[in-house]
Amino acid sequence: MKYIDGFRTPETATALRRQIETLCAKLGDRVVSIMEVCGSHTMAIARYGIRDLLPENIRLISGPGCPVCVTGSGYIDAALELAEQGCMLVTFGDMLPVPGSHASLTAARARGARIEVCYSPTAAMELAGKHADREVVFLA
């Protein structure tokens with residue numbers, strides 16, 4: 001196959017899709033499971049609709065990455081909604097920049113949401129005990 005500069009051209013995408021379909025056709029009924037090791041892979045697959053382009057006998061599995069890698073935007077959106085309702089969110093520091101659909105925890109924190117960083121579930125419980133006057137949600 002002749003590669004074109006960059007993978008985002010329609011010609012390259014079509015050529016790669018045909019190669020994958022040809023290889024998968026040779027497998028017959030066998031299912032190929034591919035683990036997305038990095039959350040960036042998972043996000044790119046979703047963003048560019050790659051899952052819908054793959055043959056039915058390819059199954060993509062999101063890997064056991066870190067929270068940053070495997071947290072979906074819907075999860076962050078739900079957390080942001082809780083923060084907007086006045087809940088205190090307690091989470092690990094690496095979760096702050098994870099993007100939701102419209103914002104991150106960092107952005108919400110900058111706007112005044114009560115989002116605290118902790119280093120363990122035990123620390124989250126201690127923080128919740130100190131703030132018994134409000135709902136505290138451990139986001140992990």
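## Strand β2 and I61

I61 sits in strand β2 (helices, H or I with at least four residues, and strands, E with at least two, are DSSP runs numbered from the N terminus). What we have here is a predicted model, where local features need pLDDT of at least 70, side-chain atom pairs count only at pLDDT 80 or more, and totals for chains, interfaces and linings use all residues. Residues are numbered from 1 along each chain as its sequence is written, and side-chain values use heavy atoms, with hydrogens and water left out.

Along the chain, I61 and E36 are 25 residues apart, yet 6.0 Å separates their C-alpha atoms.

## Helix α2

Now for α2, where G39, T42 and I45 are buried. Looking down the axis of α2, you'd find its buried residues within an arc of 120°, so they line one face of the helix (the arc is that of the directions from the helix axis to the C-beta atoms). After α2 comes G49, which has a positive phi, near 70°.

## The largest pocket

The largest pocket has a volume of about 650 Å³. On a 1 Å grid over the protein atoms alone, a pocket is an open set of points with protein on both sides within 12 Å along at least five of seven lines, and lining residues have an atom within 4 Å of a point. Of the 20 lining residues, L16, I20, I50, L53 and L54 are the closest to the pocket's centre.

Which elements supply at least two residues each of this lining? They are α1 (10-26), β1 (32-36), α2 (39-47), α3 (50-53) and β2 (58-62), and α1 gives the most, with 4 residues. By type, the lining has 16 nonpolar residues, 1 polar and 3 charged. Here Ala, Val, Leu, Ile, Met, Phe, Trp, Tyr, Cys and Pro count as nonpolar, Asp, Glu, Lys and Arg as charged, and the others, Gly among them, as polar.

## The open sheet

There's also an open sheet of 3 strands, in the order β4-β3-β5, with parallel pairing (two strands pair if DSSP finds at least two bridges between them). Each of β4 (115-117) and β5 (136-139) stands at an edge with a single partner strand, so one side of each has no neighbour in the sheet.

Strand β3 (residues 88-91) runs parallel to β5, and 4 bridges join them.

Terms used. On a 1 Å grid over the protein atoms alone, a cavity is a set of points where a 1.4 Å probe fits but cannot get out, and a pocket is an open set with protein on both sides within 12 Å along at least five of seven lines; lining residues have an atom within 4 Å of a point. Grid points are joined across faces, edges and corners, and a volume is the space filled by probe spheres set on the points. Buried means under 20% relative accessible area, exposed over 50%, partly exposed in between (1.4 Å probe, protein chains only).
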